[in-house]
Amino acid sequence: MLELPTSQSIRTKIPDQRWNIFPAQVEQAKQLAEKTNLSPLLAQVLLNRGLSTPKEIQGFIDPDTLDLPSPMEDFPDLPISLELLINAINQNQRIAICGDYDADGMTSTALLLRSLRFLGARVDYAIPSRMNEGYGINERIVEDFHEEGVSVILTVDNGIAAHKPIARARELGLVIIVTDHHDVPPTLPDANAILNPKLIAETSPYRTMAGVGVAYVLALSLAKSFGKARELRDVLLELFTLGTIADLAPLTGVNRRWVKRGLQLLPKSRLEGIQALIQVAGLSGEKNLKPEAIGFRLGPRINAVGRLADPQIVIELLITDDPGVALEQAMKCEQINQQRQQLCETIEREAIEAYEQGVVNAKDDRVMLLIQPDWHHGVIGIVASRLVERYGVPVFIGTYEDELKQHIRGSARSIPEFHIFEALECCKDLMLKCGGHKAAGGFSFEAAQLEAIRSRLRTFAHSSLEPEHLKPLVTVDAQASLDQIDLRFYQQIDALQPCGMENPDPVFWTPNVRISDQKLIGKGHLKMMVSQEDLDAEVLMPSQKLTAIAWRWGEYYPLPKYLDIAYRVRTNEWNDEVSVQLEVVGVRLPSAKSAVEFSYSQRHYTCTLLERGDTKELRIRNFKGEILSIQKGQRIGTLGKTQQTAKEVDVSQPQYYHLIKAALQALESPKTD
């Protein structure tokens with residue numbers, strides 16, 4: 001008798017992932033669906049987000065219905081900040097903003113520049129050099145402001161840990177107001193006022209704001225003091241929305257409330273710079289912008305400037321009212337972003353080659369520390385994120401800062417089980433500079449310390465991680481049938497928008513999906529058709545086909561014909577017709593059964609392997625719909641269209657024996673499209 005294979009014996013090239021599927025809460029989801037008129041699938045997603053009552057769901061879907069406390073109540077230093085700025089404006093004193101070179105810092109700077117100038121302030125700005133000075137206000141900037149006759153310094157997206165520069169400003173008689181959102185150090189700097197959501201109650205809806213959120217609260221409160229909030233509100237809200245999403249701030253609390261409003265304004269933006277940016281990004285004519293459009297189209301064009309060029313390009317883009325200047329600056333952003341893309345592709349390719357060739361042993365070390373010369377440290381953080389996505393290990397990636405290769409500077413990105421900041425703290429005595437939080441960080445050290453730091457990181461990783469953690473993680477909300485995925489269901493999912501950090505797009509999974517019509521598109525993307533068949537059914541029924549896209553999965557082409565897939569639900573518009581499309585984020589070999597198509601004696605068959613406990617059953621279906629079933633170790637099988645009409649057959653007879661052998665060979669080596 002031929003031996004039936006197990007599904008684990010079938011091997012092919014697919015992403016090596018780990019899936020974390022939320023536990024199904026069938027009864028709770030059913031009850032919640034009945035009370036809210038939502039589908040049980042969506043009710044399950046809401047339960048996964050911690051929402052379990054109709055009232056909570058109503059507040060989540062329509063956050064404007066919730067009561068919002070006054071920021072004057074939640075930010076103790078907001079009244080004094082307003083008083084200092086009102087006095088400076090009324091006395092015609094010079095105000096200077098010290099910003100940052102990322103999207104959050106640049107949009108914050110532009111937001112405060114626009115609002116302060118509209119309110120009559122004499123205001124200018126400075127941003128430290130990414131290449132030469134690094135992040136945050138420094139003593140050089142303070143000295144320059146003082147020489148220029150500045151009376152008030154306003155930091156945005158930085159300053160909470162800048163003790164020396166702030167002490168120098170106070171020493172020179174300057175007023176300094178810190179607006180920041182980064183983690184608070186044990187001792188606060190001696191500023192005149194500090195606005196930071198990390199200093200307020202954890203239950204406050206303002207707690208999750210990025211730097212641009214703090215700037216928005218300050219600017220809007222100041223405008224209210226002058227009776228001009230109505231004129232500024234929408235313009236400031238657009239900048240808040242752009243900066244919040246581009247900075248990957250959590251889309252919860254006031255961020256969700258205000259971003260939801262801001263997204264409605266952006267397609268018809270009142271800002272020439274945003275209109276121009278939308279145009280060069282190819283989003284003109286879009287009626288509804290989602291956070292993903294900003295995160296993947298607008299945000300990178302802004303961030304690229306801060307990484308590779310002069311942030312003034314973005315500031316001028318966002319504060320100009322001249323369409324010609326706006327388009328000129330937007331085109332510069334576009335060109336710089338193309339340069340950024342090329343650099344990222346080159347560095348990522350070289351990093352992958354180094355990994356594959358064994359230059360680093362991330363699986364054994366449980367962490368990747370990769371240092372290469374001639375990489376641009378302005379973009380290595382992006383590459384670090386891609387390597388984490390690809391390999392599922394914490395990544396520390398760096399390059400040499402000098403021609404003599406004496407100093408190394410880099411970025412780190414992590415997986416959920418590994419704490420970057422704590423890892424860097426373990427190496428702090430070997431570092432020149434380091435900092436960050438759980439998911440990301442930055443560092444610099446002398447090249448002579450490289451192996452010592454590698455050893456420390458390896459030790460920390462072994463204390464934090466198990467081998468099973470070292471795979472890319474796919475978090476899945478619920479199991480769905482492809483027949484449930486339609487435009488009506490998509491519209492219900494759309495009520496969860498804006499989706500982003502801490503409110504991710506729902507991910508569903510479907511078992512035993514048939515993959516067909518595969519082809520490569522664009523720069524290494526994989527497009528396919530997917531359909532679902534009930535492999536246990538006595539009669540094979542046709543299923544609807546859906547288009548699916550797997551971004552950056554070209555190396556896995558072609559995929560096996562049958563897979564479990566995890567996906568997000570998207571839409572595609574073509575010739576004014578809207579259809580549902582799946583964005584595949586995960587695949588795995590079918591856990592309970594494997595199925596392939598094969599030919600024998602010039603006839604077409606489908607075979608499936610069913611595993612129920614210790615019992616294995618091979619089922620072969622022919623073009624007539626007849627099913628040959630044989631269990632492991634048995635000589636007698638059954639043949640027929642239904643269980644009721646099936647007849648017993650001796651599968652050791654040649655016509656059955658050779659057919660079964662062909663099916664087993666197909667299962668061992670599944671063919672692909």
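**Notes on a few sites in this model**

1. Let's start with Ser 414. Setting aside neighbours up to four places away in sequence, Ser 414 is in contact with Val 388, Pro 394, His 419, Ile 420, Lys 438 and Ala 439. Please keep in mind throughout that this is a predicted model. Ser 414 sits in the loop that links β9 (407–413) to α18 (420–426). Its side chain reaches the backbone oxygen of Phe 418 at 2.6 Å. Is Ser 414 buried or exposed? With a relative accessible area of 14%, Ser 414 falls under the 20% cut-off, so it counts as buried.

2. Asn 503 is another loop residue worth a look, found between α20 (487–494) and β14 (508–521). The relative accessible area of Asn 503 is 1%, and so this residue is buried. The side chain of Asn 503 reaches the backbone oxygen of Leu 496 at 3.1 Å. Beyond four places in sequence, the contacts of Asn 503 are Arg 49, Phe 60, Leu 251, Arg 256, Leu 496 and Pro 498.

3. Which residues touch the most other members of the largest nonpolar core? They are Leu 112, Leu 116, Met 368 and Phe 396, in a core of 132 residues. For Phe 396, the residues touched beyond four places in sequence include Val 367, Met 368, Phe 418, Ile 420, Phe 443 and Leu 457. There is also a second, separate core of 43 residues, with Leu 32, Leu 46, Leu 563 and Leu 582 among them. As background, nonpolar side chains tend to be buried together in soluble globular proteins.

4. Ile 565 belongs to strand β17 (residues 562–574). At 1% relative accessibility, Ile 565 is buried. Ile 565 and Trp 509 are 56 residues apart along the chain, yet their C-alpha atoms are separated by 5.5 Å. Trp 509 is also one of the contacts of Ile 565 beyond four places in sequence, along with residues including Trp 19, Phe 508, Val 530, Leu 582 and Val 587.

5. Finally, a helix pair. How do α6 (residues 103–118) and α10 (residues 229–246) cross? Their axes come within 8 Å, at an angle of roughly 170°. Angles over 145 degrees count as roughly antiparallel, so α6 is roughly antiparallel to α10. On the α6 side, the residues that meet α10 include Ala 103, Leu 111, Arg 114 and Phe 118, while α10 contributes residues including Glu 231, Leu 236, Phe 240 and Ala 246. By type, the residues of this contact divide into 11 nonpolar, 3 polar and 3 charged.

Methods. Residues are numbered from 1 along each chain as its sequence is written. This is a predicted model: local features need pLDDT of at least 70, side-chain atom pairs count only at pLDDT 80 or more; totals for chains, interfaces and linings use all residues. Side-chain values use heavy atoms; hydrogens and water are left out. A nonpolar core is a set of buried Ala, Val, Leu, Ile, Met, Phe, Trp, Tyr and Cys residues joined through side-chain atoms within 4.5 Å. Buried means under 20% relative accessible area, exposed over 50%, partly exposed in between (1.4 Å probe, protein chains only). Contact means heavy atoms within 4.5 Å. Helices (H or I, at least four residues) and strands (E, at least two) are DSSP runs, numbered from the N terminus. A polar contact is a pair of N or O atoms within 3.5 Å; within protein, one must be able to donate a hydrogen and the other to accept it, and residues adjacent in sequence count only if both atoms are side-chain atoms. Axes are lines fitted to C-alpha atoms, for helices over the stretch in contact, and angles run from 0 to 180 degrees between N-to-C directions. Angles under 35 degrees count as roughly parallel, over 145 as roughly antiparallel, 65 to 115 as roughly perpendicular and the rest as oblique. Ala, Val, Leu, Ile, Met, Phe, Trp, Tyr, Cys and Pro count as nonpolar, Asp, Glu, Lys and Arg as charged, and the others, Gly among them, as polar.
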